[in-house]
Amino acid sequence: MTRQCSLLLPRVCAALADPQQTGFDDTCLEKLLDWFRQLTGFDPAVKLVQDNPCLTEFITSVLAQPEPSPSIVSFTLRLAGILAASEHCFQHLQQEKLLVRLFGSDGPLNSAVWEDASVRSGWVEGVHNMMHHWSALHFLCSGGGIDVIFALQGDRSLFVASAASQLLVDMLTLSIESETTKPLTTKDCDWPVCAQMIIKHIEDSLQSSSGSHITQSLKLLTRLFASCNATWIEVLWLGIANQIESFLMEETLEVQPMLVNLLINMAWSLVCSDTEGRFWALVTTALERLTPVQAGPLAVGILKIYKCPQDVKIQALTVLLQPMDCILKAASQPLEYAGLLDESVSDPATVESLLSSKSSCISLLCQTLAHLEELLSLVSLSVDLPYTPLQRSLMAILQFCNGFLTPASPLGSQISRILINCFRVQRSALDVLAALSKRKVCDTLIGSLFDVLLAYLESPNTNPTVLKKTFQATSKWLACLQELSSSSQWQQTEKILEDVFLVLQKRLCSPCWEVRDSSLEFLTVLIKCLRDQDEFRQTLLSSEVPRLTESLLEDPESYVRASAVTAVGHLAFITYFAPEPPVVGNQYNKENTVAKLQEILSTDPEGFPRRAVIDVFTMWLRQGCTGQLEDTEQFVSRVIQTVEHDLDWEVRLGGLELVQLFCRQTICQLGFPRCPYAPVSSSVTSAAHQNESLQIFCRANLFSFLFRSLCDCDKPVGQRACDILLTLRSDFCSDSTLKDSQGTGDLPGGHGLAWLQRTLRQGSLAQNFPTDGSGVDFQDPESMILALGTIDLIELHDELNKSSDHVEKSPQSLLQDILATVGTTEENEADCY
């Protein structure tokens, strides 16, 4: 590395310092910075700078240029920060007076180049890079640099402003953690100097009349509470609590939305141990004072915190459910349902006013529904949701949206006009309804619920995306229905299933391909969930759905054909592979269906259906549905002979997954001792079984497929093939066999990927393997044992698993970038290399 540096660094620095050189793009400069980070990792930064004076000469030359390139100035600032991250190198650069010229008042920040955002960004990043020791903190605080950072919080570039805010957070943390030796109190004298400056800036900004300054400090505090949970955070909180509370009490709403994320982050920090309850009182005030739209995110954030006081959680839940409560009351006849809530946190008239306006109604409902779905997705809730009223409210929203609900109040009439055919609200409500299926549900609402879902499934006005969401909710509630149903409810269940399949028959014939596709996906999900239920199987097979599904294997749209393949594959578990398959003449012919799928695998012009076929075949094999071992061998052999010529790498990869599964199953069925599921057998029996399984693999042409896949132009295919071959080698080759085979034969030197690829293309895997003169005999067990033992599969595995970074970030790649930038004359090339 040292020799490379001595040759490369002078050329790099000279090229970068050349004012006439404008060819360095951002990618090349980023590569150079990554390289310098690596160099400082190998050698101390001070040694790197002392051994290579060209670095300081480069910085000096850039500073001396009257009109330097902004990108080079930015690069120089960031590079100086990387070098100054080492305290010894920091002192060295200080002695050379370079840091003050880069980051002080005489540097770029008072020149015309400062107007470029990349220079300001480079300045902030450079400071951030060096912020690893007390010396850097002192340099910034004593030299006025911290005031520059304060100003950059309000930079017109959002990236610069965000970086400046994060820099202050890290500086405050570094100052306190590196300079304090005892617990901090609220007295200023106990805080380190740098921390005092930052905290005073925060407090002054919070008390100023400038909305932008207040916003900047609130953002800084939000970042601070999100990233740090040390005990001194509580001390800081006590100093700003009054000011934060005053913001909540003010009528002006400019900064109130900023408080939500701050309070949530504070709640997750050590402030939760607030013994006096002051913080939670502040949260309660926020839930009362913020608007419903602002309070919603705070409420759901609070409900996720396990240690939150129960009364605060109940209040947060009340805030979240208020819009749903208004919907339920607006949709119900007087006194029919009590609603969701016994009392409100804020004035119900506020929520009603928002629901009466089109713009605010839709946004409030979508936000509320998204929060409810988020809560329902949690494994456990620390508060009980009123599931039955919530379900009624969701059904009311969906009925308002499709016009099937007669409003019971003037507010209901207004909401109905706003929500009619509102796709956004429909999608959100269906998502929550689907999530609700996993919770405590009311049996008495099941019929009404499926009435609402079937209305959406049947309506020609249902948007395709909404229809897909309806299918998803219906499938989850059907699965729930099977768990709930008692003997007295079978008639209701059967009626619901019949209605669902009648609708599905129509949807499978829709002229809209998205609808046909969603319908097939819905059918697949139903079969996965309910195929063991007698009522489901009988209702499905007595409908036209199976016939229509098979007909869609020839659909003109490739996505639909792929979904049809998957549906037919799962349908086979009922029609062909069930313990007692149905007997309905020749309606369900296994051979015909398998032939159709194999035809799709070999002839379909699109990749999606072919991928679906190989997935179905793998699923069948995994479930043990391909017959006896001999039948499975022929089945796998036919499939891989088709797959190995497929142009879609995902299909070829699917073929390898099929092979891997077949090998594992065969080895286990024949009782290999190494198989965890196989019975223990004697060594003689083991050898016989090894030979038998090896012959099976050779007859099925597995080795031909695997070795050719090693040289596949798509890396994932080669990686999977290598993994399978390594597994087979551990099964069939003992350590002594490996040692003997690798030491025998005059095989070509270097059995790496390039050699294997070349010899495979020539048709001779290894010229000294036993062959019939026409190339490798992949069906000969002895040849395959020799191949497994001879080829260096470990080296192949390492080469295939190399990341592209080893090329992109290598010194050679960096040199190529530099040569391409400065010109590739023979002299330059010789000097660089």
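In helix α32 (residues 607-622), the buried residues are Gly607, Pro609, Arg610, Ala612, Val613, Ile614, Val616, Phe617, Thr618, Met619, Trp620 and Leu621. Buried here means under 20% relative accessible area, with exposed meaning over 50% and partly exposed lying in between (1.4 Å probe, protein chains only). Helices are DSSP runs (H or I, at least four residues), numbered from the N terminus. This is a predicted model, in which local features need pLDDT of at least 70 and side-chain atom pairs count only at pLDDT 80 or more, while totals for chains, interfaces and linings use all residues. Residues are numbered from 1 along each chain as its sequence is written, and side-chain values use heavy atoms, without hydrogens and water.

Helix α32 is mostly covered, with 12 of its 16 residues buried. At 1.5 Å a residue, its 16 residues should span 22 Å, and its end C-alpha atoms are 23 Å apart, which agrees. The expected span is 1.5 Å times one less than the number of residues. After α32 comes glycine 624, whose phi is positive, near 70°.

Helix α30 (residues 558-575) can be checked in the same way: at 1.5 Å a residue its 18 residues should span 26 Å, and its end C-alpha atoms are 25 Å apart, which agrees. Because 16 of its 18 residues are buried, α30 is largely enclosed by the rest of the structure.

Two single residues come next. Valine 515 is placed in helix α27 (residues 513-530) and counts as buried because its relative accessibility is 5%. Leaving out residues up to four places away in sequence, valine 515 touches Pro464, Leu467, Arg507 and Ser510, where contact means heavy atoms within 4.5 Å. Valine 515 and valine 560 are 45 residues apart in sequence, but their C-alpha atoms are 9.3 Å apart in space. Threonine 539, in helix α28 (residues 534-541), also counts as buried, at 8% relative accessibility. Beyond its neighbours within four places in sequence, threonine 539 is in contact with Leu497, Glu498 and Phe501.

The last topic is a pair of helices. The axes of α17 (residues 292-303) and α18 (residues 310-331) come within 8 Å and cross at roughly 140°; axes are lines fitted to C-alpha atoms, for helices over the stretch in contact, and angles run from 0 to 180 degrees between N-to-C directions. That makes α17 oblique to α18, since angles under 35 degrees count as roughly parallel, over 145 as roughly antiparallel, 65 to 115 as roughly perpendicular and the rest as oblique. Residues making the contact include Ala295 and Gly296 of α17 and Val312 and Lys313 of α18.

Terms used: Helices (H or I, at least four residues) and strands (E, at least two) are DSSP runs, numbered from the N terminus.
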